[in-house]
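Please look at the sequence and the three-dimensional structure below, and keep both in view while reading.

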Amino acid sequence: MANVTVMLSDKGSYREVEMDTLPRNVRAAITDLTAKSPQTSVTVDQLGALYRIRLPAPANVCLDVLSVA
């Protein structure tokens, strides 16, 4: 995987986070999505256990991932 910047919004504002801090299935989804697209930044919105992953143009993809323990 290329060097991807992950911006997480869990309290209303975005902050840069390391991939290792995200749940395993969210990391896997980001890895799969960015492997097929030349993205350098990914936006992740967290609402409890629901993570909405957004890739900007040219992909314009939005994927919801449910994180379970």
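What share of the 69 residues in the protein chain is made up of buried residues? Buried residues account for 32% of them, where buried means under 20% relative accessible area, exposed means over 50%, and partly exposed lies in between (1.4 Å probe, protein chains only).

## About the model

This is a predicted model, in which local features need pLDDT of at least 70 and side-chain atom pairs count only at pLDDT 80 or more, whereas totals for chains, interfaces and linings use all residues. Residues are numbered from 1 along each chain as its sequence is written, and side-chain values use heavy atoms, with hydrogens and water left out.

## The chain as a whole

Helices (H or I, at least four residues) and strands (E, at least two) are DSSP runs, numbered from the N terminus, while the radius of gyration is taken over C-alpha atoms and the globule rule is 2.2 Å times the number of residues to the power 0.38. Along its principal axes, the C-alpha trace of the protein chain spans about 30 × 25 × 20 Å.

Among the contacts in the protein chain that link residues at least 6 apart in sequence, 39% join residues at least 24 apart; contact here means heavy atoms within 4.5 Å. The protein chain exposes about 4,500 Å², of which carbon and sulfur atoms supply 53%, with accessible areas coming from the Shrake-Rupley method with a 1.4 Å probe and, for residues, only the protein chains shown counting as cover. The chain has 7 positive and 7 negative charges, and their mean positions are 4 Å apart. In this count Lys and Arg are positive and Asp and Glu negative, with His and the chain ends not counted, and the place of a charge is taken as NZ of Lys, CZ of Arg, CG of Asp or CD of Glu.

## Two residues of the helix

Threonine 34 lies in helix α1, which covers residues 24-35, and threonine 34 counts as buried because its relative accessibility is 9%. Its side chain reaches the backbone oxygen of isoleucine 30 at 2.8 Å, and a polar atom of the side chain of threonine 34 lies 3.4 Å from the backbone oxygen of threonine 31.

Alanine 29 is also found in helix α1, and with a relative accessible area of 12% alanine 29 is buried. Leaving out residues up to four places away in sequence, alanine 29 touches Ile53, Leu63 and Val65. The C-alpha atoms of alanine 29 and valine 65 are separated by 7.8 Å, although the two residues are 36 residues apart along the chain.

Serine 9 lies in strand β1, residues 5-9, and at 11% relative accessibility serine 9 counts as buried. Not counting residues up to four places away in sequence, serine 9 touches Tyr14, Val44, Asp45 and Gln46.

Aspartate 10 has its place in the loop between β1 and β2 (14-17), and aspartate 10 is partly exposed, with a relative accessible area of 27%. When residues up to four places away in sequence are set aside, aspartate 10 touches Arg15 and Gln46. The side chains of aspartate 10 and arginine 15 make a polar contact at 2.8 Å, a term for a pair of N or O atoms within 3.5 Å where, within protein, one must be able to donate a hydrogen and the other to accept it, and where residues adjacent in sequence count only if both atoms are side-chain atoms. Aspartate 10 and leucine 47 are 37 residues apart along the chain, and their C-alpha atoms are separated by 6.7 Å.

Serine 41 is found in strand β3, residues 41-47, and serine 41 is partly exposed at a relative accessible area of 30%. Apart from residues up to four places away in sequence, serine 41 touches Thr5 and Pro56.

Valine 61 is placed in strand β5, residues 61-66, and at 33% relative accessibility valine 61 counts as partly exposed. Beyond its neighbours within four places in sequence, valine 61 is in contact with Leu33, Ile53, Arg54 and Leu55.
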